Structures are given as C-alpha cells and as structure tokens.
Amino acid sequence: MFAIISAGIAPGLAILSYFYLKDQYEMEPLSMVFRSFIFGALLVFPIMFIQYVLETEELVTTPLMRAYFSSALLEEFFKWFIFYFTIYSHFYFDEHYDGVVYGVSISLGFATLENILYLVANGVEYAFGRALLPVSSHALFGVLMGYYFGKGKFSKVNYRYKWLLLSLFVPVFLHGMYDFILIYYEDWEIFVTPFMIFLWALALHKAKKARMLHKHNVETISG
C-alpha cells in the first residue's frame with residue numbers, strides 16, 4: 001500500500017514543485033498552495049458520484065458526450081468554481097503567474113487523489129502511464145486555467161469577462177479532446193502522443209508568458 005500511495009503522489013508533487021519553483025518574484029505561501037491542493041482533492045468525491053449517476057442512468061451515450069460532458073466539462077467546471085471562489089479575489093493572488101501556481105495546485109490535488117484510487121483498484125504497474133497522461137494532462141489544463149484567470153484579474157474591467165470565460169472554455173475544450181482520443185480510437189497512442197507534446201508546449205509557453213507579464217509590470221512601475 002505504501003508503494004501505491006507513493007507512486008500515486010510522486011508525479012503530482014513533482015509537477016507542482018516544478019511550476020511552484022518557477023515563480024521568479026514572490027513565491028506563494030505553501031499553506032495557500034496546500035489548501036488549494038486539498039480543495040482539488042476533495043472534488044474527486046462529488047465528481048465521481050455525479051459521473052456514476054450519469055453512467056448508471058445512461059444519460060451519456062456517445063463518446064463525444066462522455067469526453068466533453070461527463071468528463072471535461074464536469075471536472076474543469078468544479079476546478080474553475082473552486083479557483084474563482086477561493087483564490088481569484090484573495091490578496092495573495094497579486095501577479096499573473098500566481099494563477100498558474102494555483103491552477104496547477106487545484107488540478108493536481110484532483111489528479112493525485114484520483115490517481116491513488118486508480119492504482120489501489122488496478123495495481124502499481126499502471127503508475128508510469130498514469131503519471132505521463134492523466135496526472136500531467138490535469139496539471140497542464142490547470143496551467144491554462146490559471147493563466148487566463150491571471151489575465152482576467154489584471155486586465156481592464158471591459159476585458160475581464162472574456163478572460164474568465166476562456167479560463168473555463170480552453171481547459172474544457174482541450175480536456176474533452178484528450179478524453180475523446182482515449183475513448184474513440186483503439187490505437188489512441190498514435191494520436192495522444194503528439195497531442196500531449198502540443199499540450200506541454202502550449203502550457204509552458206503560457207506559463208513563461210505569465211512570468212513575462214509580471215516582469216513587464218514590475219519594470220514599468222519601477223521606472
């Protein structure tokens with residue numbers, strides 16, 4: 001059991017540490033990051049219940065609906081909801097890159113507990129594949145959600161709602177595409193590999209852009 005829990009936690013902590021340590025200016029309090037992580041983990045239980053009901057009642061009948069409704073929309077909306085109501089207005093969220101840190105934290109809290117439950121049910125031999133795909137993909141969706149939350153908080157009021165909408169729409173769209181590949185294609189490895197490369201490249205680009213936005217604002221203020 002120790003091996004399963006360790007294998008379930010390790011990839012999430014590794015990815016979270018990577019994005020947390022990339023904060024070049026003022027690192028977020030670990031207590032806030034940990035709280036976001038726990039909130040994300042707690043989302044697993046209501047989401048699993050809703051997904052169980054949808055499957056039992058046969059309310060989701062096609063691969064497209066499974067991918068985009070019972071998985072992507074449901075999971076990303078709950079994460080978005082937690083971010084908006086616990087992080088967005090908090091005074092610690094005071095620079096663009098903070099959105100990336102908190103978005104990753106919430107997403108990895110969810111992915112880590114989900115990963116542990118999966119490994120308990122199916123065996124530790126799946127740990128490597130789970131780390132490469134579900135855990136890392138959730139983290140990258142969190143990067144994108146947090147990036148657009150940061151754009152929303154630090155943009156003019158007229159543009160704020162556009163960025164907040166994108167903070168939900170972009171993760172849902174990409175998450176749905178990821179799940180659709182896994183559900184629909186028998187040879188899904190052929191399609192998911194370039195998709196994950198694209199997702200990593202996009203997320204890293206947005207994370208770098210968030211850091212540059214803050215650097216620009218600091219330089220503008222200082223003179």
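Start by selecting E58, in the loop between helix 3 and helix 4; helices here are DSSP runs of H or I with at least four residues, numbered from the N terminus. The phi of E58 is near 55°, a positive value in a residue other than glycine. Most residues other than glycine have a negative phi. E58 is exposed, with a relative accessible area of 62%; exposed means over 50%, buried under 20% and partly exposed in between, using a 1.4 Å probe and protein chains only.

A word on what you have open: this is a predicted model, where local features need pLDDT of at least 70 and side-chain atom pairs count only at pLDDT 80 or more, while totals for chains, interfaces and linings use all residues. Residues are numbered from 1 along each chain as its sequence is written, and side-chain values use heavy atoms, with hydrogens and water left out.

Next, go to helix 4 and pick K79 and E76. Their side chains meet in a salt bridge, with 2.9 Å from N to O; the term asks for a side-chain nitrogen of Lys or Arg within 4 Å of a carboxyl oxygen of Asp or Glu. K79 and E76 are three residues apart in helix 4, so about one helical turn separates them. An α-helix has 3.6 residues a turn, so residues three or four places apart point the same way. K79 is buried at 0% relative accessible area, and E76 is also buried at 0%.

Keep R130 selected and bring up the largest pocket. R130 is among the residues closest to its centre, together with S71, E75, E114 and D179. A pocket is found on a 1 Å grid over the protein atoms alone, as an open set of points where a 1.4 Å probe fits, with protein on both sides within 12 Å along at least five of seven lines; lining residues have an atom within 4 Å of a point. The space in the largest pocket is about 1,100 Å³, a volume being the space filled by probe spheres set on the points. Its lining has 30 residues: 17 nonpolar, seven polar and six charged. Here Ala, Val, Leu, Ile, Met, Phe, Trp, Tyr, Cys and Pro are nonpolar, Asp, Glu, Lys and Arg charged, and the others, Gly among them, polar.

Now show helix 6 by itself. Of its 27 residues, 22 are buried, so helix 6 is largely enclosed by the rest of the structure. Look for a kink of about 35° centred on S136; a bend is the angle between axes fitted to the seven residues ending at a residue and the seven starting there. A127 also belongs to helix 6. A127 and P11 are 116 residues apart in sequence, yet 9.1 Å apart in space, C-alpha to C-alpha.

Finish on helix 7, which bends by about 25° at L166.

Conventions:
Helix = DSSP H or I, 4+ residues; strand = E, 2+ residues; numbered from the N terminus.
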